[in-house]
Amino acid sequence: MGVSCKKSCSGKNLIFPILIFLIGFICQTEIKADVYEDYISLFSQLAIEQQEEFGIPASVTLAQGILESSAGRSRLATKGNNHFGIKCHKDWKGSSMRQDDDAPNECFRVYHSPEESYRDHSLFLKRDRYKPLFELDPTDYKGWALGLKKCGYATDPNYADRLITIIERYGLFTFDSPLGDADETVMFIKSTLGATHRVRKTNGLHYIVALPDDTYESIAKELGMNVKKLMKYNDADKNTIIKPWEEIYLEEKNDMATGEQETAMIGEGETMRDLAQRYGIKLKKLKSINKSVKSTPGTVVKLK
């Protein structure tokens with residue numbers, strides 16, 4: 001029996017507010033899960049067309065679009081049709097908008113439509129910087145994901161793992177087949193949503209990439225871990241909501257960043273805890289390194 005998302009209430013009985021809360025929770029959960037499938041349905045054909053013309057795996061293009069635009073919900077996507085976080089650079093002659101990213105008030109490209117954004121993303125990857133990627137087979141999505149990170153597409157140290165997780169979570173690799181058809185493939189994707197988590201390693205730590213609707217309880221149950229320990233490892237409390245594609249560490253994090261990067265900026269919709277997760281640092285230690293620093297977007301944070 002379906003549940004309507006419309007709210008109605010009468011009388012003084014407490015059961016009605018409780019029912020309304022539960023109905024709202026169920027509706028939010030459904031929306032949260034469906035937004036990724038909706039994005040794939042809307043833009044999969046565009047990604048296939050880019051592969052046919054430029055040789056870029058459709059799965060990688062879609063995964064980047066999902067990640068960079070928060071499945072089409074980011075400010076850059078909704079206000080500027082920019083689905084890939086592409087900055088202006090010196091050769092851009094079109095419209096632009098400003099947003100904090102790796103540095104304050106950076107310039108990002110604005111497009112007339114998502115189609116224009118997808119095509120410009122393909123042209124952007126045809127630069128000499130990304131030339132080694134086109135020596136890979138279009139079906140080698142893992143090689144492309146790792147290559148994008150190696151070529152410097154994103155500063156996120158776990159960028160490749162996030163892309164691979166999204167591709168495998170939704171079976172996006174099926175779009176890479178020369179015979180791939182968007183409508184038929186979406187039906188297959190719906191059967192892959194029960195995929196389990198793959199344990200990965202970054203900064204010397206074992207972790208997984210969170211999927212939409214994950215909770216610490218569900219992850220702990222799947223991996224046979226103590227939920228309280230899992231939450232402690234990730235600086236979480238009972239009110240902490242796991243973000244899709246966030247790192248969830250399976251062991252105690254480091255006291256400081258292990259890589260060469262010494263600073264990072266808190267991005268749109270992020271807090272200092274998001275950086276602690278991204279770089280595998282204990283939140284308490286990160287705060288001690290950055291005393292009196294506000295946990296707000298645009299703030300530069302020391303990692304060591």
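1. The lining of the largest pocket divides into 18 nonpolar, twelve polar and 17 charged residues. Asp, Glu, Lys and Arg count as charged, Ala, Val, Leu, Ile, Met, Phe, Trp, Tyr, Cys and Pro as nonpolar, and the others, Gly among them, as polar. The model is predicted: local features need pLDDT of at least 70, side-chain atom pairs count only at pLDDT 80 or more, and totals for chains, interfaces and linings use all residues. Residues are numbered from 1 along each chain as its sequence is written, and side-chain values use heavy atoms, with hydrogens and water left out.

2. In all, 47 residues line this pocket, and Leu 67, Glu 68, Asp 101, Glu 270 and Arg 278 lie nearest its centre. A pocket is an open set of points on a 1 Å grid over the protein atoms alone, where a 1.4 Å probe fits, with protein on both sides within 12 Å along at least five of seven lines; lining residues have an atom within 4 Å of a point. Its volume is about 1,500 Å³, taken as the space filled by probe spheres set on the points, which are joined across faces, edges and corners.

3. Elements that each supply at least two lining residues include helix H1 (15–54), helix H2 (58–69) and helix H10 (272–278). Helices (H or I, at least four residues) and strands (E, at least two) are DSSP runs, numbered from the N terminus.

4. Three strands form an open sheet in the order E3-E4-E5, with antiparallel pairing; two strands pair if DSSP finds at least two bridges between them. Strand E3 (200–202) and strand E5 (247–249) each have a single partner strand, so one side of each is left without a neighbour in the sheet. E3 and strand E4 (residues 205–209) pair over three bridges, and Thr 202 has Leu 205 in E4 as its bridge partner.

5. The structure holds 14 aromatic pairs, meaning rings of Phe, Tyr and Trp (its six-membered ring) with centres within 6.5 Å; planes under 30 degrees apart count as stacked, over 60 as edge-to-face and the rest as tilted. Trp 92 and Tyr 111 are edge-to-face, because their planes stand at 65°, with ring centres 5.6 Å apart.
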